[in-house]
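Me: I would like to go through a structure with you. Could you take my questions one at a time?

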Amino acid sequence: MKNWSESKAFIAAICTSGTALAVMFGVASIVRHGQASISIPAFATSAQAAMKPSELTADAEQGRHLFLMNCAHCHGDDARGDEGPDLHDLNKSDGRIHEVITAGIKGEMPSFGKKLGDPDVRQLIAYLRTLHS
């Protein structure tokens, strides 16, 4: 009888783990594709609050979401630079920015061409154009 109980416990553990993984990946997929909104916590700094002007275009708003998910870990939540450079007041053409995002810069920035499609990159550029010192 002991073996049967251990087998049941093992099966229950596998099912529970599988369910937890399925839920985790489902939530991650929803967040990644922008179908759920992520609110900035109340303790956010004023610089972070200033990052989201109330009148961003739809493309710039989606670009902001993409930035926070893909770029903020190097450029900072406020895009003022951390490991990567400050992205305010960019003095580059949209074409050059598109090229840097998709191809990267050897030894400095990874390529996002396989992760982000052209519409995503255009939305990121729309957001970057809203960043002013």
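Me: Which helix is Ile-14 found in?

Reply: Ile-14 lies in helix α1, residues 2-32; helices are DSSP runs of H or I with at least four residues, strands are runs of E with at least two, and both are numbered from the N terminus. Please note that this is a predicted model, in which local features need pLDDT of at least 70 and side-chain atom pairs count only at pLDDT 80 or more, while totals for chains, interfaces and linings use all residues. Residues are numbered from 1 along each chain as its sequence is written, and side-chain values use heavy atoms, with hydrogens and water left out.

Me: Is Ile-14 buried, partly exposed or exposed?

Reply: Ile-14 is partly exposed, at 48% relative accessible area. Buried means under 20%, exposed over 50%, and partly exposed in between, with a 1.4 Å probe and protein chains only.

Me: Moving on, which residues of α5 are buried?

Reply: Helix α5 spans residues 94-103, and Ile-97, Val-100 and Ile-101 are buried in it. They sit on the same side of α5, because they cover an arc of only 95 degrees around the axis, the arc being that of the directions from the helix axis to the C-beta atoms.

Me: What covers the buried residues of α5?

Reply: The cover includes α6 (118-128), where contact means heavy atoms within 4.5 Å.

Me: How many salt bridges does a search of the whole structure find?

Reply: The search finds 3 salt bridges, each defined as a side-chain nitrogen of Lys or Arg within 4 Å of a carboxyl oxygen of Asp or Glu. One of them joins Arg-129 and Asp-94, at 2.7 Å from N to O. That pair links distant parts of the chain, with Arg-129 in the segment after α6 and Asp-94 in helix α5, 35 residues apart.

Me: How far apart in helix α5 are Arg-96 and Glu-99?

Reply: Arg-96 and Glu-99 are 3 residues apart, so about one helical turn separates them. Their side chains meet in a salt bridge of 3.2 Å, N to O.

Me: Last topic: how many disulfides does the structure hold?

Reply: The structure holds 0 disulfides, a disulfide being a pair of cysteine sulfur atoms within 2.5 Å.
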